[in-house]
Amino acid sequence: MYKVARQFLFSLPTETSHELALKAIDVAYSLRLTRCLLPELAAPVELMGLKFRNPVGLAAGLDKNGDHIDALGSLGFGFIEIGTVTPRPQPGNLKPRLFRLPQKQAIINRMGFNNKGVDHLVEQVKRSRYDGVLGINIGKNFDTPVEHALSDYLICLEKVYQHADYVVINISSPNTQGLRSLQYGESLDELLNGLKTAQKRLSDQHSKYVPLLVKIAPDLTTEEVAQIAGQFKKHEVDGVIATNTTLAREGVEHLPHGDEQGGLSGAPVFEKSTAVLKQLCDELAGAMPVIGVGGIVKGEQARAKQEAGAVLVQIYSGFIYQGPRLIATCVKAWGR
């Protein structure tokens, strides 16, 4: 059934099909069809003081504004991550900015953190009935200078803290100018110091400890991964998400849209993303959990992420191409 729906959706402009698909999931949820058609996937995982229904989550980016939390949560995911959200609403980059490469089960996007702002997202979370683990992914506005990025992250952290089960610091999107520079040296040190200080204050204020995770890029050298791991251990970050989209184009450069600017996700990023994941896990040596994301389009790849050191995985592009059945396939492949 999903293949038929996908064929129709893929005949439409990419962003139009994205919005229509989310509305269709909302309708199916309101009619209780998702619960009837999809299996219950019970394979609980406990970490960071949280209990995940199963190890397969939805990565950030599909529901940037928290407008579809309940519907997406009914599809069988073990946890949901919404965002990336910024302090102020922003339109993102000019269209077209989202491109499918179906021959490789891949997507290139240069969305640019288009979102309705953190206040809208918080209101949507308040209205949600979803009772699973909810992560909120935060970023900076495009016009905030990189040297003042911490202020944007602190604004978002302050507003989402009591409504999130965990918060992700996105410093690895390639579509906001200068953002990835926050992964290095003094910039990363200052950012983590400021955020961990705020986390301590907010934990005392709300009598609730919300884990802080950082999402990193796959386009890192071995030396950069080692340096980042050292910073994460120094600041006692609660977890890492590895990885975001890649700027590389190996294997897709000959395809239509293969030369579009932006981040590449889907099957072609699997090897690069998993290599960074494995090195990061080796460097961290169990100091904090790592969530593996990038290129999962079949169950065996979720298992490969686990074997590389991931304690949970997330899907996005693979979900677009394979539909909800990918969730069950990944859960079944997960080793225990």
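Predicted model: local features only at pLDDT ≥ 70, side-chain atom pairs only at ≥ 80, totals over all residues.
In the helical part of the model, helix α5, spanning residues 118-127, packs with helix α6, spanning residues 149-160. The angle between the two helices is about 20 degrees, and their axes lie 10 Å apart. Because angles under 35 degrees count as roughly parallel, α5 and α6 are therefore described as roughly parallel to each other. The crossing in which α5 passes α6 is right-handed. On the α5 side, the contact is made by V118, D119, L121 and V122, while α6 contributes C156, K159 and V160. By residue class, the contact of α5 with α6 comprises five nonpolar and two charged residues, with no polar ones. D119 of α5 and K159 of α6 are among the residues that make this contact.

The strands considered here form an open sheet of three members, arranged in the order β5-β6-β11 with antiparallel pairing. Strands of a sheet pair through backbone hydrogen bonds, in either a parallel or an antiparallel manner. From one strand to the next, the twist averages 20 degrees.

The pairing of β5 with β6 can be described at the level of individual bridges. Strand β6 covers residues 106-109 and runs antiparallel to β5, to which four bridges join it. One of the residue pairs involved is that of L101 with A106, the latter being the bridge partner in β6.

Conventions. Residues numbered from 1 in each chain as written. Heavy atoms only, no water. Axes fitted to C-alpha atoms, helices over the stretch in contact; angles between N-to-C directions. Parallel < 35°, antiparallel > 145°, perpendicular 65-115°, else oblique. Left-handed = near helix turned anticlockwise from the far one by under 90°. Contact = heavy atoms within 4.5 Å. Nonpolar A, V, L, I, M, F, W, Y, C, P; charged D, E, K, R; others polar. Pairing = 2+ DSSP bridges.
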